[in-house]
Amino acid sequence: MPHICAIFTHFAGPQRTLTCLGRLAQQTRRPDSIVVINNGSPQDPVLEQIRRLDAQLFAPGTIRILQMEANLGNAGGCARGIAYAFEELQADHVWVLDDDSWPRPHTLEALLAVPDAPDLVRMSLVVDPAKGDELSWPLTIATGSEKRPWENAMVRDDLPEGNTIPSRGGWLGALYPRAAWEKAGVPTEALFIRGEDEEYPWKVRNAGFRFVTVRDSELEHPSAKRRLIRYRIGSKTFFYEPGLPISRVYYKVRNWAWLQRLRMPHNYPHRLAACGAYLVLCCSGMLAAGEFRLGHVYTLLRALHNGFYGKLRPF
């Protein structure tokens with residue numbers, strides 16, 4: 001039996017964290033270990049509740065609390081959690097969750113029912129129960145076409161038939177094998193938030209791994225509060241997410257520009273054009289959502305500048 005370690009970060013959502021742990025206790029195939037990465041205070045009262053749950057619902061010692069020296073965000077916390085799971089706990093796979101991503105009873109069992117392979121990353125299907133179990137966000141799936149190899153599935157009806165769906169990559173709900181960590185390392189800590197979900201799958205794909213989404217393995221996670229604004233230009237798709245706090249907009253844009261630098265380190269004109277297009281589309285989305293502000297535009301420019309030049313400066 002492979003050793004499965006579930007990890008997620010905790011900061012300021014005690015009820016979400018406790019609910020997530022309760023759902024893990026209900027799994028028909030439980031994780032062998034759970035790492036809660038605490039980005040908050042070591043005196044947080046919820047930590048004692050977590051320790052009680054460890055004794056009441058699990059074999060004692062199943063839950064490990066990994067205390068961070070400061071708030072490292074989801075990227076930094078998960079980077080530490082992945083390394084701890086593989087190095088200290090000798091896990092075979094790490095299952096990436098969040099405090100507000102809640103597996104259903106058969107989620108992990110269904111994920112493991114798909115035969116493993118040396119180059120395979122299996123992912124849960126992320127759904128929003130508040131919206132009739134529709135997809136929480138677009139899922140990039142393989143089309144089989146050379147001209148347009150990837151397409152974004154927006155709703156369940158867009159998904160192809162079958163239980164295993166070849167996908168471009170993912171973060172939340174992904175079951176990363178030890179070999180992926182050995183070849184690709186961990187997410188970049190300085191991404192903080194809104195970056196590890198694209199950067200780490202890209203690094204793992206570049207290391208020779210492929211991804212499949214398992215339809216029967218459902219993970220509950222809330223979708224965006226407002227409907228995404230979608231733009232399609234040729235084979236490219238851009239999504240603007242209305243209602244994001246400006247700090248999250250900054251990290252999302254900065255991290256995107258930084259990732260383009262990794263993808264095309266020597267193609268300066270292409271990256272410059274991509275950043276220009278990104279700025280225009282963001283501004284268009286802001287106008288459509290009624291969020292266009294000069295301060296927001298300045299934040300976009302600062303984020304693109306910092307990411308373009310490889311400077312992961314905080315907000």
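**Loops, cores and enclosed space in a predicted model**

R194 is located in the loop between α5 (178-184) and α6, where helices (H or I, at least four residues) and strands (E, at least two) are DSSP runs numbered from the N terminus. This is a predicted model, in which local features need pLDDT of at least 70, side-chain atom pairs count only at pLDDT 80 or more, and totals for chains, interfaces and linings use all residues. Residues are numbered from 1 along each chain as its sequence is written, and side-chain values use heavy atoms, with hydrogens and water left out.

Most residues other than glycine have a negative phi. R194, however, has a positive phi, near 55 degrees. R194 is partly exposed, with a relative accessible area of 24%; buried means under 20%, exposed over 50%, and partly exposed in between (1.4 Å probe, protein chains only). D133, in the loop between β6 (120-128) and β7 (134-135), likewise has a positive phi, near 65 degrees. D133 is partly exposed at 22% relative accessible area.

Attention now turns to the interior. A nonpolar core is a set of buried Ala, Val, Leu, Ile, Met, Phe, Trp, Tyr and Cys residues joined through side-chain atoms within 4.5 Å. The largest such core has 35 residues, of which I7, L159, Y176 and V204 touch the most other members. Leaving aside neighbours within four places in sequence, L159 is in contact (heavy atoms within 4.5 Å) with L125, L135, L139, I141, A153, I165 and R215. A second, separate core of 26 residues includes A6, V46, I50 and I63.

Helix α7 (residues 246-263) has 18 residues and spans 26 Å from its first C-alpha to its last, close to the expected 26 Å, which is 1.5 Å times one less than the number of residues. Its buried residues, among them V249, V253 and W256, pack against α6 (196-206), α8 (268-289) and α9 (294-308).

On a 1 Å grid over the protein atoms alone, a cavity is a set of points where a 1.4 Å probe fits but cannot get out, and lining residues have an atom within 4 Å of a point. The structure holds one cavity of 30 Å³ or more. The largest cavity has a volume of about 80 Å³, a volume being the space filled by probe spheres set on the points, which are joined across faces, edges and corners. Its lining includes F238, V249, V253, Y278 and L300. The elements giving two or more residues to this lining are β14 (236-240), α7 and α8.

Technical notes
1 Å grid on protein atoms, 1.4 Å probe; cavity = no way out; pocket = protein on both sides within 12 Å on 5 of 7 lines; lining within 4 Å.
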